[in-house]
Amino acid sequence: MTIPLTAYLVVGAILFAIGVYTVVAQRAAVMILMGVEVLLNAIGLNVIAFWRFTAPEDYSAQIFAILIITIGAVEMAIGLALVLLLYHQRQTVQIDAFSELKR
Amino acid sequence: MTASFEIIAFSISAFVAVAGALGMATTMSMFRSGIFLMASFIGVAGLFILLAADLMGVLQIMMYIGGFLVMILFMIMVMHDPGGAMMAGMDMSLIERWFSKGLVPRAPPDGNDDGQMHHRGHKQANSARKQHAQENGRDPEKRGPGHHGGKGGSGMQAGGASHGGMDMGGMDMSMVTPVRPIAAWLAGAVGLLLVGMLVLRPNWRFVEALPDPDSARRVGHLLMEKYMIAFEGAGFLILIGIFGSVLLARPSSYPDESSRAARVAVDAGPEPIRDEGLRPLAEQSPASALRSDRRHSDEHGA
């Protein structure tokens, strides 16, 4: 407990900011999914840090983090399937090419 | 766990997590992005273990690195220019050049010569220079002007803009959008907002109790008792996700219309089985041989 809670939260905030930058600035769909993963990682880090410092007897926070990881997995699988489908149709992964849903 | 060890472990884990995420966001090579992302995951797993959430650390490594990263790297293998060799010669800020070190620039195979890439670099140089001026205050290192930024005059920038529409049918092949400065501003604002909220409200009610060292057992009991619905719901969500991704990625969509039409035509009317008729069995089978024998004997009898 020598490391204060604020240090963990600052790390989480920096990770969140980098994830936001990646999601906004990157152009390839796979890179955007990577940015979303970093965002989810930051959220999980915040949840676990708050659990450790404010409510260490209640393990619900770990359940929450597990659910975050699970939903991230499903999102990643669906997203990559969509990217693969769009790549087969448009021969590119740049999301600027996916501006309309119809072919 | 001594205090100094904890400080050292926290420093290493936090550095690996943040530097990995930064490298993921700024390198020009998608493959390197995946590897940097793995470093970031490992750093966050170290932080989890440092926070006495061992199960979460192990799950982080198993799920993210064992599952997601394999998926991501598989997807990157399919992509166009995964190594970032085409982007390596473009303008980059200092940190992008640092994380893209060692990438060898290569002309795209579809006729875009190196000079055009150079022009494109000039086109983005001004936006990159604006980005350098304002980079997020967290980063201690000062970002210098971009590689091409020092040489790019206004005339060259105009030339680059006129060249810009020609490549790849109006599609810029860069991996990052031209709104990078705005994105960096936005990310810096989000980070500053979060850190400011942390600083302004530090009065969390701390509990000094240590968590159970066998926290995985507690989590398992909670999953099976109190959060049963959430657990089942997550399982159902995974099932639906499997169905959805199989439905999306099933091999029924063809890259072009002609092969699809060919396959549909094949499916619509199966080729009829040619009925050539059976050859008379007189010569081969022993039964017919027997019958022919009997016919012979009949002939003899007649």
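A:Val23 lies in helix 1 of chain A, which spans residues 5-25. The structure is a predicted model, and every value reported here was computed from it. At a relative accessibility of 27%, A:Val23 is classed as partly exposed, because that category covers values between the limits of 20% and 50%. Leaving aside neighbours within four places in sequence, the contacts of A:Val23 are A:Ile32, A:Gly35, A:Val36 and A:Leu39. A further pairing can be described by distance: A:Val23 and A:Met34 are separated by 11 residues in sequence, and their C-alpha atoms are 8.2 Å apart.

**The two chains**

Chain A contains three helices and zero strands, arranged along the sequence as α-α-α. Chain B contains 11 helices and likewise has zero strands; its pattern along the sequence is α-α-α-α-α-α-α-α-α-α-α. The table sets out the surface of each chain.

| Chain | Accessible surface | Share on carbon and sulfur atoms |
|---|---|---|
| Chain A | about 3,500 Å² | 70% |
| Chain B | about 17,600 Å² | 68% |

Of the 103 residues of chain A, 64% count as buried. In chain B, which has 302 residues, buried residues make up 37%. The contacts within each chain can also be described by their separation in sequence. In chain A, 58% of the contacts with a separation of 6 or more involve residues 24 or more positions apart. In chain B, 70% of the contacts between residues at least 6 apart in sequence join residues at least 24 apart.

**The interface between chain B and chain A**

The size of an interface is often expressed as the accessible area that is lost when the parts come together. Chain B and chain A bury about 7,300 Å² between them, and 77% of this area is on carbon and sulfur atoms. The contact involves 87 residues of chain B and 73 residues of chain A. Three residue pairs are in polar contact between the two chains, with both residues of each pair at pLDDT 80 or more. The count of salt bridges between chain B and chain A is zero.

Which elements of chain B give two or more residues to the side that touches chain A? They are helix 1 (3-26), helix 2 (30-50), helix 3 (54-78), helix 7 (180-200), helix 8 (215-224) and helix 9 of chain B. Helix 3 of chain B gives the most to this side, with 12 residues.

**Individual sites in chain B**

B:Ser13 is located in helix 1 of chain B. Its relative accessibility is 13%, so B:Ser13 counts as buried. Apart from neighbours within four places in sequence, B:Ser13 is in contact with B:Gly43, B:Gly46 and B:Leu47.

B:Ala52 belongs to the loop between helix 2 and helix 3 of chain B. Most residues other than glycine have a negative phi. B:Ala52 has a positive phi of about 65°, although it is not a glycine. With a relative accessibility of 24%, B:Ala52 counts as partly exposed.

Side chains of opposite charge can pair when their charged atoms come close. How many salt bridges does a search of the whole structure find over all chains? The search finds one. B:Asp214 forms a salt bridge with B:Arg217, and the closest N and O atoms are 3.1 Å apart. Both partners are partly exposed: B:Asp214 has a relative accessibility of 36%, and B:Arg217 has a relative accessibility of 42%.

B:Ile240 is found in helix 9 of chain B, which comprises residues 228-249. Helix 9 is also among the elements that give two or more residues to the side of chain B that touches chain A. B:Ile240 has a relative accessible area of 40% and is therefore partly exposed. B:Ile240 is one of the residues that make a nonpolar surface patch of about 660 Å².

Key: Residues numbered from 1 in each chain as written. Chains lettered and ligands numbered in written order. Heavy atoms only, no water. Patch = residues over 30% accessible without salt bridge, like charges linked within 9 Å, V, L, I, M, F, W, Y side chains within 5 Å. Areas by Shrake-Rupley, 256 points an atom, 1.4 Å probe, with all protein chains shown as cover. Salt bridge = Lys/Arg side-chain N within 4 Å of Asp/Glu carboxyl O. Helix = DSSP H or I, 4+ residues; strand = E, 2+ residues; numbered from the N terminus. Buried < 20%, exposed > 50% of the residue type's maximum accessible area, 1.4 Å probe, protein only. Contact = heavy atoms within 4.5 Å. Buried area = accessible area lost by both parts, 1.4 Å probe. Polar contact = N/O pair within 3.5 Å; in protein donor to acceptor, adjacent residues only side chain to side chain.
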